[in-house]
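Please walk me through this structure, step by step. I am new to it and would like a plain account.

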Amino acid sequence: MRAVDPIELEIFKSIFVSIAEEMGVALCRSSFSPNIKERQDFSCAVFDENGGTVAQGDHLPVHLGAMPLSVLSVIQNVDLGPGDTAILNDPFRGGTHLPDITLVSPVYVKGRARPAYFAANRAHHSDVGGMSPGSMPLATEIYQEGVIIPPVKLVRAGRIDRNILDFVLANVRTPEEREGDLTAQLAANRIGQKRLLEITEKYGYPKTKSYMKHLQDYSERIMRQAIREIPDGEYRFLDYLDDDGVSRRPVRIQVAIHVRGDSAVVDFSGTDPQTEGSVNANYAITLSATMYVFRCIIRGDVPYNSGLLRPIRLIAPEGSVVNARPPAAVAGGNVETSQRITDVLLGALAKAVPERIPAASSGTMNNITFGGQHPATGRNFAYYETVGGGMGASPERDGLSGVHTHMTNTRNTPVEALEHYLPIRIKRYSLRRFSGGEGQFRGGDGIVREYEFLAPAKINILSERRVFPPYGLAGGKPGKKGKNLIRRGSKAISLGSKASFRVEKGDIVIVQTPGGGGYGKAKPKRGKQGDD
Amino acid sequence: MVRVGIDTGGTFTDFVFFSPTRMWIYKVLSTPRNPGEAIRRGLEEAGVLAEKLDVIHGSTVATNALLERKGANLGFLTTAGFEDLLEIGRQTRRELYNILVEKRNPLIPRHLCFGLKERTLSDGRILQPVEGSEVDGVIRKLKKAGVESIAICLLHSYANPANEEKVLRKLKPHGFSLSVSHRVLREYREFERASTTAINAYVAPLMERYLSRLEKELGEDSVHIMQSNGGCVSARGARDNPVCTILSGPAGGVVGAKEVAAAAGFSRIISFDMGGTSTDVSLCDREMATTTDSVISDLPLRLPIIDIHTVGSGGGSVAFIDRGGALRVGPQSAGADPGPICYGRGEDVTVTDANLILGRLDPDRFLGGAMKLYPERARLFMKRFARRLGLSVSELAEGIIRVADTTMERAIRVISVERGFDPRDFALLSFGGAGGMHACSLAQRLRIPTVVVPKNAGVLSALGMLLSDTIKDYSQSILKRAADVSLAELNGSFRPLLEQARQDLKKEGFEESRIRLLRFLDVRYIGQSYELTVPFLPSYRREFDRLHHRKYSYADEKRPVEVVNLRVKAIGLTKKPGLPEVESDGPDAGAARLCRRLMRFEGRDYQADVYARELLKAGNFLRGPALVLDYESTAVVGPGFVCRVDKHGNLIMTRQKQRR
């Protein structure tokens, strides 16, 4: 007697993954803010009755571990009836950082009093209020970062609760856009609910439910096989964040990975305590980065679900910068610290399986937010973007240049769109030559982006690797550190990793992003002639 | 005069001929190194070279040059500061979890990308004009590097092309092949415009040489080239915009499907083309669905092309158990060599082997009996495979088919449900070597009421080319709030596009009465960044809300909208031959029956009739399960389906209501 039919398993796998993808298509196409549409900073997933992920679209790694915690938080805090939908962004109750708003909708099947499954999605909103436009400020408390939404009902029995919505919208700078995005998020969940009901009708509830579990077991098996390929042992690595944006002190992040057979313990003990500035990661983010790295060592495709997590135990000391407690500011934890956590995890694994791990990539998302009043229309604007960098060289080849790496993969906004809508001119958007680390294989080059402001604005830069460069491996040189500058008239001032300031008309802000680390010792240059 | 549709495929070059008195088809082996050779040979062997010819040709020259990166030695001119525009792209990586990812292979090396100190603003103002002497310096470098073709894309040239025009004037006397962005694609989004322009420049010299040779052999003015927008264009037109010919082969198939279905009385169809390694699906809701959001070989191509979705599942797709214990089918394919197990040499179980085991192929009459199949060999290998899983051979075979069908069902959902269409409102038009074996089961899954398997399904692409109109697309970004631009102003803005379109079609040889100019707007809610295309009517705003609701399940009539692009689709109506009719007879198909054989569906065995397609007559009626054998394809009439033969010899299968 077979427990699981390999044919049904494949068919259900295809169905569940396609549901998450269909939700993503709907969200991406119908949302308003460029963050979601152009930059695709969102994730959609399907969950079982306990909040375990069944399938998640291949959207954004930084949301991987965080989505199930959102659903868990909703299950614990909100009694979702048929037609209800919960909303949340509280990083200490299922969220990551405030701009990421998650909607969770239950799916009820006939004859069951509790939700049978959940459909959920999360999207990065361009502004959720707080002390600066774009809601990625250099804050010292979460209360400064924007409106905090605990898990509450946004929709009751199919009707939006205007009290909740108006309350949220009253706290943000661009309420119309927010409302449009939330509508798109609701539409995405509706598609997930509809498809799950169709499947249940076709195959029956018991079978659908059991194949959710079989699919999680399937992913678990594949993860265990991947871990088994890593030699048993303890692998350590540490690296630093430049600073927390308040003090100039480096922040230490350290990991020990214990591999034994087909399971692993990932232990961040020894990591610095949480900081005053906003580089604090909550548990969800540390979990996401860990999941991402272990997902990368699996060759080929595998549905992303909670089964992948089972062979891995994560230890993140409470109150540390990788598991911060309230009221820590967390805006940068999601976008910057998550990258450094990835770097130390990969650095540790490089000691175990050096032939499979690349040198450090740029290690920062280079978050730029600005806002102000558009001189032509008099309307407020808030804008957020991230800038790519160099990818680390691998044991097999050079790293890519000018690309987003690891925890993010968001697209840029076309310069022609940016200049049409905002009082800004992009003077340069090019690769930063020779910023990739030397080596047998070269790290990829970073990017130079120059912004000329055509009206006064408030700007925030949240970046990393301006002090500690991305490491090389196996004798490869580190990538070049990044740099942030402001040019006013003939004067250029270096800004450091994190900065919050006002710009005047005519000011130019220059962001130079780090290159990737090199891999292997560079061969001595041959004396070539006649070659330009 | 003889009209000929010619489709150059990977293995065969297909010909469909229409003379005033008859229609016939022909096939020769392709000659990949010089595709023109197979064309000449086919025409010669068909004995038509003495006639006046009107050739419509689907060429793979541009597509292959791009896929294999064998195009022109290319230079790129852009605004200073943006030299790396094409390499940075949208700054994303293709594979999220591949940390050892391979480099994208750029069309243009870094040292041949040049920035010019010039600047246009988004409202069309010229902040800094182009300096002639700077261009001269670049020209010297381009010549020294042996560049033959140049792509030019300056920032905001869609708003005002003056700077691009100036660069063009400077370059013209020097003999380069030139592609300039405001002429290839006058739309905002610099990377997509630059990429489309670069593709054009990359394939232009090759296309030029190929077309010149073809014209020399067949006579000038007698060659038309199929485009990916579903229309054809003169060889001259194809030279100007060779990027329009990329992916034209599959487009021919969709046009063929649409025309054949229309003649059979179906205007809303889903075309389903299942071959050996992959399956193409597309949707026609009276008109062919087009998209401007495609990517080919890692490069965005923003021109309107027929919206075809491809999945790696075909007759040769290999079944295997993956490391997690799931039965996978494809995307690896046994291809033609070694091919499926039942062809005699392969050892990997494929979809074709599964179909054979289930009785959906006749081993003695494959390719009209020209090729022998080995069912006992397939059974032997499948038995080993099945035993490992604790399944019987037929359980495994049905499982493989179900997994493959799930993949194809998903593909059809992408082009229908995800675009806001209900598959139940459409007929499934199936072609390609393997399509007919899966069509009924897919129709059942998606509750599609009717399946059409056309006559001449093996040359549908060539037939489609023959039946295509001339189509040219024009667009221009305007990026204006609807509140700020009146209908009269929009009308005015359309005028230059319409003028250009009319002129071009006249040059293509169309008189006024055969020219149709259709106007569209790309519209979005303010703040969105994807547009929907709606016909330009006074009520365009309402049309937009309606379409938005259909596609995304909500609309907001009060939210202000923005008009992003103007579009003109210019159609030159060609004189199309009517499809030939077949001999008719009563419902009894007994005269076409060859034998009976065992077929298996959902765990049940059936004794099914096997028919010869060429012996079927219009009016014949078959009851499923049954098998209809054609020279190069097999059609399965599923249990619960009935099938009639229409006057053109198409098989029209309908699902009977009483069955689920």
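Predicted model: local features only at pLDDT ≥ 70, side-chain atom pairs only at ≥ 80, totals over all residues.

A residue counts as buried if 20 or more other C-beta atoms lie within 10 Å of its own.

Take helix 7 of chain A, which covers residues 283–296. Its buried residues are A:Ala284, A:Ile285, A:Thr286, A:Leu287, A:Ser288, A:Ala289, A:Thr290, A:Met291, A:Tyr292, A:Val293, A:Phe294 and A:Cys296. Because twelve of the 14 residues of helix 7 of chain A are buried, this helix is largely enclosed by the rest of the structure.

Next comes the meeting of the two chains. Here 60 residues of chain A are in contact with 49 residues of chain B. On the chain A side, at least two residues each come from helix 1 (6–30), helix 2 (34–37), helix 5 (175–203), helix 6, helix 7, helix 9 (415–421) and strand 14 (424–432). Helix 1 of chain A gives the most to this side, with 13 residues. By type, the residues of chain A that touch chain B are 23 nonpolar, 17 polar and 20 charged.

Chain B itself is assigned domain 1 (67–207), domain 2 (470–572) and domain 3 (590–655). Taken over C-alpha atoms, the centres of domain 1 and domain 3 of chain B are 55 Å apart.

Note on methods. Residues numbered from 1 in each chain as written. Chains lettered and ligands numbered in written order. Domains from an automatic or database assignment. Helix = DSSP H or I, 4+ residues; strand = E, 2+ residues; numbered from the N terminus. Expected span 1.5 Å × (residues − 1). Contact = placed C-beta atoms within 7 Å. Nonpolar A, V, L, I, M, F, W, Y, C, P; charged D, E, K, R; others polar.
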